[in-house]
Amino acid sequence: MTSSEASRQQAHQMNFSLYTILFFWCALVIVSSVYVTTPLYNVFSLTYEVGTATSTWVSGSFSFCYAIGFLFFGILANRLGSKEIIVLGLALLTLITFIIGFIDHFVWLVILRGIQGFVAATFAPTALAYVFELFPARFRITVIGFMSFGYVTAGIFGQVIAEIVNTLFHWQAVFLLFGCFYFVTYVAVRRILPKTAHTSKEAGLQQFVQGSAKIFQQRDFQLCYGITFLLLLTFIGMYTVLEATLTNAPYFLSDRQVLFVRAIGIIGMVASLVANHFVRRLGIVRALRMAIGIAVLGLLCMGLGQIAAIVVGASVVFVFGISLVFPLIMMYIGKIGGEHRAISNAWYAFILFVGATIGPLIAVTLMEMGSISSTFVGLAAILSVGLVLSALLKE
């Protein structure tokens, strides 16, 4: 290899490293918007004099419209180009997020959160297609791993930032801060990421419907999507219940201590970065079963634990397991997706956030029907269905 060829290769690798960091950052800050209202339910309930279940619609409207957006933008990206869709989405997301920061009416808050969720959906399914267009095969698993790490870390990052900013200022300041994040991200993506040549004027609704029909006829996709539905349902459901658990009897943790508990959940999220290690040793399906089993065990221990240290430690175990599931299920869907990979990933994202929409509602309903401990056990029972489904997947 000549020195000029080596220099070009090194430059390409540096570019790919920069692109990987930018994809991670986008995944982190965009998906954080799903979670920023989770620690604010009590604030909304007290401020607007609505019930706790009603206040969860500030998250629910976002998650539902986010899910719908995946299907819409998954089709549009094939026609307009991946970078163009991501840049447009970040521009709109910046505008809507700043507007939410000046809203002080509950109904409008729910409506605008729905719009915010819809435009935020420009990133996830589009980015996955973009990775396959932009990166050589040897880099793709690494990039997907970092994106998955961004997605799952957003679950903690969004909550922690929201709690800190609300404590220091006001809940509207959370959205003003994230509006700044999105503006900086918009500028970075527009200036740094290259355009790709892959667009298809032929891709459209008919092709999407036909591809979807083929996907849903396959048993393995049905099983994967069943598992997918349960992931954010139990993840967001767990964090909806966790604060109520630790701030009440017998634990009585302070707000600062609860914030620390949320933050240490990041320890469990490193699992998404080592998913490839488990795949090499066990294969995707066996690693997936192991990960779901770990998450179920974590929830059970949270429900049965009698001291705060056990509950907190078990929450990290649960987060570890669920964080490992995300990249594994994405790898499996990508493996079986074939020529319909983009469509199958759009449906994956849609179903994932349908689960996120109802997760807080199910968690609050379980709390109202029984105790907090029984709520964690109930969530473990729900996630156990995913363990059964994973047992039916082909190796």
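Is Glu49 buried or exposed? Select Glu49 to begin: it is exposed, with a relative accessible area of 74%. Here buried means under 20% relative accessible area, exposed over 50% and partly exposed in between, using a 1.4 Å probe and protein chains only.

Before going further, a word on the model. You are looking at a predicted model, where local features need pLDDT of at least 70 and side-chain atom pairs count only at pLDDT 80 or more, while totals for chains, interfaces and linings use all residues. Residues are numbered from 1 along each chain as its sequence is written, and side-chain values use heavy atoms, with hydrogens and water left out.

**Stop 1: the loop at Glu49**

Stay on Glu49, which lies in the loop between helix H2 (41-48) and helix H3 (52-55). Helices here are DSSP runs of H or I with at least four residues, strands are runs of E with at least two, and both are numbered from the N terminus. Check the backbone torsion: Glu49 has a positive phi of about 55° although it is not a glycine. For background, most residues other than glycine have a negative phi.

**Stop 2: Ser33 in H1**

Next, select Ser33, found in helix H1 (residues 3-35). Ser33 counts as buried, at 2% relative accessibility. Leaving aside neighbours within four places in sequence, Ser33 is in contact (heavy atoms within 4.5 Å) with Phe62, Arg113, Gln116 and Tyr182.

**Stop 3: aromatic rings**

Tyr182 forms one aromatic cluster with Trp25, Phe157, Phe178 and Phe181. How many aromatic pairs does a search of the whole structure find? The search finds 26. Rings of Phe, Tyr and Trp (its six-membered ring) pair if their centres lie within 6.5 Å; planes under 30 degrees apart count as stacked, over 60 as edge-to-face and the rest as tilted.

Select Trp171 and Phe175. Their ring centres are 6.0 Å apart and their planes are at 90°, so this pair is edge-to-face. Trp171 and Phe175 are 4 residues apart in helix H9 (residues 171-192), which means that about one helical turn separates them. Both Trp171 and Phe175 are buried.

Now move to Phe235 and Phe318. With ring centres 6.4 Å apart and planes at 25°, the pair is stacked. Phe235 sits in helix H11 (residues 219-247) and Phe318 in helix H16 (residues 308-337), so the pair ties together parts that are 83 residues apart in sequence. Phe235 and Phe318 are buried.

**Stop 4: H8 against H12**

Show helix H8 (residues 137-168) and helix H12 (residues 255-264), whose axes come within 9 Å and cross at roughly 160°. Axes are lines fitted to C-alpha atoms, for helices over the stretch in contact, and angles run from 0 to 180 degrees between N-to-C directions. H8 and H12 are therefore roughly antiparallel to each other; by the cut-offs, angles under 35 degrees count as roughly parallel, over 145 as roughly antiparallel, 65 to 115 as roughly perpendicular and the rest as oblique.

H8 passes H12 in a left-handed crossing. A crossing is left-handed if the near helix is turned anticlockwise from the far one by less than a right angle, and right-handed if clockwise. To see the contact, display Ile156, Gln159, Val160, Glu163 and Ile164 in H8, which meet Asp255, Leu259, Arg262 and Ala263 in H12. By class, this contact has 5 nonpolar, 1 polar and 3 charged residues. Ala, Val, Leu, Ile, Met, Phe, Trp, Tyr, Cys and Pro count as nonpolar, Asp, Glu, Lys and Arg as charged, and the others, Gly among them, as polar.

**Stop 5**

Select Ser212 in helix H10 (residues 205-216). Ser212 is buried, with a relative accessible area of 7%, and touches Ile343 and Trp347, not counting residues up to four places away in sequence.

Phe216 is also found in H10 and counts as partly exposed, at 32% relative accessibility. Leaving aside neighbours within four places in sequence, Phe216 is in contact with Gln222, Tyr225, Trp347 and Ile351.

**Stop 6: H17 and its partners**

Finish with helix H17 (residues 341-369) and helix H18 (residues 372-391), whose axes come within 8 Å and cross at roughly 135°. H17 and H18 are therefore oblique to each other, and their crossing is right-handed.
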